[in-house]
Amino acid sequence: MPASVFIHHHLPVELQVMPVALRILERIGFWGSWKPFYRHVVLLCYNFAVILAPKVIFGIGTDSYPLIAKGISEFLFVIIGVTVTPIFAFQRSSFEKVVCGLSDIFYKVTAGNRCDESYAMITGLNKKLDLFTKFVIFYCIYGTIAFCMKSVVISPWRYWTAIANNSTEPMVFELPTEQEFYGLHNRSNFVHYHIFVTFSFFAYLIVSLFSVVRITTTVRMIKYSSLTYQLVIVKVQKLAQKKITIADLKELVDFHRQAYIISLLVEKICNIPIALEFLTCVLFWCSSMFYVTQTIDFNLFNLMIIFLLSVTEIFTYSYLGSELSEQAAAVGKAFYDLPWYDHPAELQRYYRLIIQRTQRTTVITGIKFFVVELASFSSVVNLSYSYCLVLKNMLE
């Protein structure tokens with residue numbers, strides 16, 4: 001069954017495919033009508049003008065190695081936050097096929113003679129993913145507030161304390177993000193500082209929005225792809241409880257092929273964004289660890305907010321990549337456990353089709369250069385730490 005014939009079914013709420021993520025994507029033109037896509041362009045331009053362009057053109061504005069490392073970490077975090085969503089936009093047709101294909105599978109296993117086990121698996125996963133989505137939204141929104149609030153609290157307190165004490169020492173404000181800003185004296189001028197903080201706050205809210213879209217959409221696609229193979233296994237187990245016919249095997253072959261096509265589409269959508277995220281996170285983690293080895297101060301709080309989100313994201317992708325490979329391979333084992341040797345050659349031909357297909361490795365890759373699995377997460381941690389040590393030794 002070619003991917004182009006996938007049908008988007010209107011399912012009950014508890015069976016729908018990523019409803020929250022689709023509503024967010026619809027608001028920025030990634031789902032449904034293209035008309036709201038201008039909102040995505042406006043948000044990208046604002047973020048570029050407030051954070052990316054000033055960091056590149058005007059620099060970080062300090063000669064302190066720890067603060068340079070912090071500024072680079074923030075730049076890398078923002079880069080990955082705003083560059084992945086346009087890549088998803090170019091893959092919109094594939095994404096629509098994934099959503100429609102998943103809806104079609106969920107409809108087939110729950111409509112009519114509904115399989116209670118399959119229904120429970122889908123609804124159970126949706127509840128877990130909804131909790132995960134709420135956690136990401138909560139963390140990104142309140143993480144952004146906490147990220148900027150530290151500076152908003154500390155800097156005015158220093159300013160009014162200095163005035164009260166008639167201090168003649170030069171004032172240096174705590175910045176939420178280390179950078180210059182179009183010639184403003186954002187480190188020493190009270191008014192300029194608040195102008196910069198206001199623009200930065202909204203810029204990081206945009207990064208948070210894109211992070212929510214990126215993380216929740218990617219996680220749901222990979223997790224749903226693993227679920228489709230679990231649903232195939234359930235059908236195989238149900239098949240073993242009755243007399244197997246050619247019609248049953250044909251339906252199962254088509255069902256497995258549909259799950260396989262979805263996994264290929266998911267890999268096609270995710271391979272470039274995930275490769276970029278793994279690459280930037282090595283540099284980001286290296287810069288963050290270097291900062292920790294150099295100094296411990298209030299700025300560490302800001303760094304930890306984005307560092308923990310990055311670690312959670314990369315670990316989740318690695319774990320789900322391993323799970324997808326294991327579930328795809330488990331389908332072949334489930335078929336092999338059926339009494340295929342007792343069936344005539346006509347039936348064995350269908351067994352062979354599925355077993356041959358399961359022998360093709362089903363994985364999420366980073367532009368075909370590496371496989372996204374738990375071993376990849378360990379490699380990223382080791383590589384980041386090694387680069388941090390090299391950087392530290394060079395500077396010393």
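**A walk through the model**

Let's start with Ser94, which sits in helix H4, spanning residues 92-110 (helices, H or I with at least four residues, are DSSP runs numbered from the N terminus). This is a predicted model, where local features need pLDDT of at least 70, side-chain atom pairs count only at pLDDT 80 or more, and totals for chains, interfaces and linings use all residues. Residues are numbered from 1 along each chain as its sequence is written, and side-chain values use heavy atoms, leaving out hydrogens and water.

Back to Ser94: it is buried, with a relative accessible area of 2%. Buried means under 20%, exposed over 50%, and partly exposed in between, using a 1.4 Å probe and protein chains only. Setting aside neighbours within four places in sequence, Ser94 is in contact with Leu265, Lys268 and Ile269 (contact means heavy atoms within 4.5 Å). Leu239 is 145 residues from Ser94 along the chain, and their C-alpha atoms are 32 Å apart.

Now hop over to helix H5, residues 116-164, where you'll find Val152. Val152 is partly exposed, at 32% relative accessible area.

Next, a look at some backbone angles. Most residues other than glycine have a negative phi. Tyr182 isn't a glycine, yet its phi is positive, near 50 degrees. You'll spot Tyr182 in the loop between H5 and helix H6 (190-239), partly exposed at 43% relative accessible area. Lys368 also has a positive phi, about 65 degrees, without being a glycine. Lys368 lies in the loop between helix H9 (345-358) and helix H10 (374-395), and is exposed, with a relative accessible area of 64%.

Note on methods. Helix = DSSP H or I, 4+ residues; strand = E, 2+ residues; numbered from the N terminus.
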